[in-house]
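Welcome! Here is a short tour of a protein's inside, from its packed side chains to its sheet and helices. Keep the picture open as you read.

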Amino acid sequence: MPVRYIDVETAARLLPGCRRLLVLGCSGSGKSTLSRKLGELLDLPHISMDREVFWLPGWQQRPREEAVKRIVEIAATSRWIMDGTSPGTLPIRLPRADIVIWMRPPRLVSLYGVLSRGIRYRGRSRPEMADGCPERVTLEFLRYVWNFERHSAPQVDAQLAAFSGEVSVLTLRSHAASERLLVSMGERAFVSG
């Protein structure tokens, strides 16, 4: 059984030994926030695929070949937390990951996340986005979020099912579950530190 699905308590026990962690999920699901917080707790560099790989200033997409090259280079490094779903690049990233956190809250939660950050960062780039990409919320983007579970999530699930290596996957379906993980990690970090 190469892909092993784990619960929050098991993840909290395993995460301190991780060197490379993938955080996947819909836009607005909280993956960047969780990645930053785990990065602090685990002393791992946070890599936002939006900032480091996919976007150039002015909302210009980085050419695919160049983006893939960057992902290969980042994945080859020894320590990271990488947040970004991109099902097509999972075959590059999964073999290097120790644990995958698959964030799957209800779509209304993700929509709220997208809209609230749209207000919070209106007219400026958020920290996990490339410079020169001021926050924007378009109808097309809202449709993507609304349909994520129908269109994108099955692609991620298929990549996980097809993966022949060994990786543990934690699925988080709520912000409360993410908070439970952080509390467990904080307590463990406090006790061991």
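Contact here means heavy atoms within 4.5 Å. Please remember that this is a predicted model.

- In soluble globular proteins, nonpolar side chains tend to be buried together.
- The largest nonpolar core here has 34 residues, and Leu22, Leu94, Trp102 and Val167 have the most contacts inside it.
- Several elements each supply at least two residues of this core, among them strand S2 (20-25), strand S7 (99-103), helix H9 (153-162) and strand S8 (167-172).
- Helix H4 gives the most to this core, with four residues.
- A second, separate core has 22 residues, including Val8, Val23, Leu38 and Ile101.

**The sheet**
- Six strands form an open sheet in the order S1-S8-S7-S2-S6-S3, with parallel pairing.
- Strands S1 (3-6) and S3 (46-48) are at the edges with a single partner strand each, so one side of each has no neighbour in the sheet.
- On average, neighbouring strands of this sheet are turned by 20 degrees against each other, direction ignored.
- Five bridges link S7 and S8 in the parallel sense, and Ile99 stands opposite Ser168 in S8.

**Helices on the sheet**
- Helix H2 (residues 31-42) packs on the sheet and touches S2, S3, S6, S7 and S8. The direction of H2 makes about 175 degrees with that of S6.
- Helix H9 lies across S1, S2, S7 and S8, and runs at about 160 degrees to S7.

Technical notes:
Residues are numbered from 1 along each chain as its sequence is written. This is a predicted model: local features need pLDDT of at least 70, side-chain atom pairs count only at pLDDT 80 or more; totals for chains, interfaces and linings use all residues. Side-chain values use heavy atoms; hydrogens and water are left out. A nonpolar core is a set of buried Ala, Val, Leu, Ile, Met, Phe, Trp, Tyr and Cys residues joined through side-chain atoms within 4.5 Å. Buried means under 20% relative accessible area, exposed over 50%, partly exposed in between (1.4 Å probe, protein chains only). Two strands pair if DSSP finds at least two bridges between them. Axes are lines fitted to C-alpha atoms, for helices over the stretch in contact, and angles run from 0 to 180 degrees between N-to-C directions.
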